[in-house]
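Dear colleague,

I am passing on the structure below for you to look over. My notes on what was found in it follow directly after.

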Amino acid sequence: MTDTPTSDVTIDSKDASCPGPLMDLIGKVKTLDSGTVVELQTTERNSTTDVPEWLEEAGHELLEIEERDEYWSIYLEVN
Amino acid sequence: MHRIAIVGGGTGGTVLANRLASELRTEIEDGEVEVRLITADPNHVYKPTFLYVPFGKKTVDDATRPIEELIDSRVTLTIDEVTDVNTDRNRLSLADRTTSLRYDQLVLATGATLEPEAVPGLAEGGHHFYGPDGAEALRDELAEFTEGHLVLSVVGVPHMCPAAPVEFTLMVDDWLRERGRRADVDITYTYPINRAHGLESIADWATDRFEERGIDVETFFNVDEIDPESEVVETVEGTELEYDLFVAIPPHRGSDLVADAGLGDDGWVDVDRHTLEATATEDVYAIGDAADVPTSKAGSVAHYEAGVVADRIASRARGQTPTATYDGKTVCFLEAGMDEATFIEFEYGEEPYVREPSKPLHWAKLGYNESYWLTARGLL
Ligand SMILES: Cc1cc2nc3c(=O)[nH]c(=O)nc-3n(C[C@H](O)[C@H](O)[C@H](O)COP(=O)(O)OP(=O)(O)OC[C@H]3O[C@@H](n4cnc5c(N)ncnc54)[C@H](O)[C@@H]3O)c2cc1C
């Protein structure tokens with residue numbers, strides 16, 4: 001059992017097709033301060049691999065990926 | 001009188017107005033129905049032509065016709081800008097009118113707006129071929145460009161015509177080869193996510209072709225800033241790339257009209273992807289680039305959506321229950337150089353298959369571009 005991080009910002013990208021959720025995230029992260037915790041909600045399975053890869057590339061921290069009933073919540077911290 | 005209002009006389013609005021004029025001809029002639037098209041620009045612009053302008057193959061004039069020539073005489077045409085949509089009172093405000101217009105059914109077909117200003121330095125340091133002025137300026141620049149580093153960057157996603165950045169890159173490669181300049185020009189193509197295109201099959205196809213032609217590819221490349229003085233582009237990911245000629249697919253946004261009316265953030269109308277009805281209110285539809293549906297912002301999409309919405313609106317105008325739906329059908333030609341092309345076709349959730357490029361498909365694309373004017377009129 002892991003603790004779900006508390007997010008400062010939630011991005012609802014449910015129903016957006018690839019690469020929508022990742023692009024929503026990239027667009028938003030640009031505007032956020034370092035230390036902000038973000039929850040990205042996505043129904044697109046590819047996001048669970050594409051998003052962590054981008055976070056590594058761009059130097060932000062992946063905190064947690066939670067599978068919910070109808071979507072995934074990807075938690076990250078902006079660096 | 002049942003009043004149908006369409007805002008925007010681009011591909012979607014024009015095809016829709018002409019379809020409705022034909023489907024509801026009796027009701028219009030009997031004075032029971034009015035189809036009104038309100039559009040800000042007295043000219044209809046066929047944007048795919050702009051892809052050929054930088055290479056001197058087409059002119060901006062080729063892309064433009066007076067909208068009056070394309071619209072069925074049963075449509076009431078109003079050249080004006082719609083400044084406000086009041087969905088509580090079913091009324092539209094217009095820039096040049098003191099009184100507002102009532103509608104029973106409204107279709108927003110306001111397209112996409114280019115927003116180069118969203119990225120610092122892009123308007124000053126970058127070129128594009130997504131509008132008339134940009135395409136002409138790029139033509140002049142390319143004509144003088146004999147050596148150096150040409151970077152084609154997809155800065156904004158979503159953008160009009162998902163094929164265009166790949167097409168431009170393959171075309172410029174071929175064009176420089178034809179002119180004997182390719183050896184002195186390095187070409188780099190960049191894309192924001194971890195592959196060369198949003199659609200996986202196009203990404204695979206383009207990556208192979210780029211490799212064959214010695215075109216460098218940079219992925220996870222999200223442009224943050226351009227320094228026009230030192231000719232350097234910086235990304236959110238921390239990459240820096242020097243360029244001599246920077247060609248961008250600029251960021252796009254929808255219409256303020258849509259955002260102000262509470263119909264969708266960023267100016268794209270939130271709609272049901274099958275009925276194309278706005279989710280926030282009744283009696284409003286969106287088609288074309290303005291509609292937020294999970295497929296490409298392409299003319300073919302606008303065209304198919306116009307057919308579906310014409311059927312739904314005509315049914316409702318006659319007091320029947322609409323049944324037509326849109327399944328995401330999208331068709332795109334893809335130029336693979338200056339004289340060969342391929343073609344893709346897909347629906348929601350499908351991955352397109354990219355056929356082997358051929359000369360006949362290139363001529364088919366050029367032929368379609370010519371016959372487009374008949375399509376817009378509703379004749380094809
Ligand atoms: C370089 C390039 C190449 C392309 N190539 C292809 C291709 O090969 N195949 C393809 O399928 N698609 C292609 N496209 C995309 C295609 O052009 C668009 O998807 C298509 O034009 C969308 O049609 P639309 O009706 O939604 O919007 P548009 O055609 O952009 O029309 C919008 C209309 O709304 C009007 N308007 C906006 N706001 C208001 C207002 N407030 N009041 C009144 N009027 C308003 C505008 O004046 C305009 O007339 C290309 C686009 C570009 C830029």
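**Domains of chain B**

In this predicted model, the C-alpha centres of domain 1 of chain B and domain 2 of chain B lie 32 Å apart, the domain bounds coming from an automatic or database domain assignment. Domain 1 covers 2-112 + 254-329, and domain 2 covers 116-252. To the contact between them (heavy atoms within 4.5 Å), domain 1 of chain B gives 14 residues and domain 2 of chain B gives 21 residues.

**Chain A**

Chain A holds two helices and four strands, counted as DSSP runs (helices H or I, at least four residues; strands E, at least two) and numbered from the N terminus; in order from that end, the elements run β-α-β-α-β-β. Its C-alpha trace spans about 30 × 30 × 20 Å along the principal axes.

Of the 79 residues in chain A, 47% are buried, meaning under 20% relative accessible area with a 1.4 Å probe and protein chains only. Where contacts in chain A join residues at least 6 apart in sequence, 67% of them link residues at least 24 apart.

Chain A carries 5 positive and 19 negative side chains, with the centres of the two sets 6 Å apart; Lys and Arg count as positive and Asp and Glu as negative, while His and the chain ends are not counted, and each charge is placed at NZ of Lys, CZ of Arg, CG of Asp or CD of Glu.

**Conventions**

Residues are numbered from 1 along each chain as its sequence is written, and chains are lettered from A and ligands numbered from 1 in the order in which they are written. Local features need pLDDT of at least 70, side-chain atom pairs count only at pLDDT 80 or more, and totals for chains, interfaces and linings use all residues, while side-chain values use heavy atoms, with hydrogens and water left out.

Note on methods
Buried means under 20% relative accessible area, exposed over 50%, partly exposed in between (1.4 Å probe, protein chains only).
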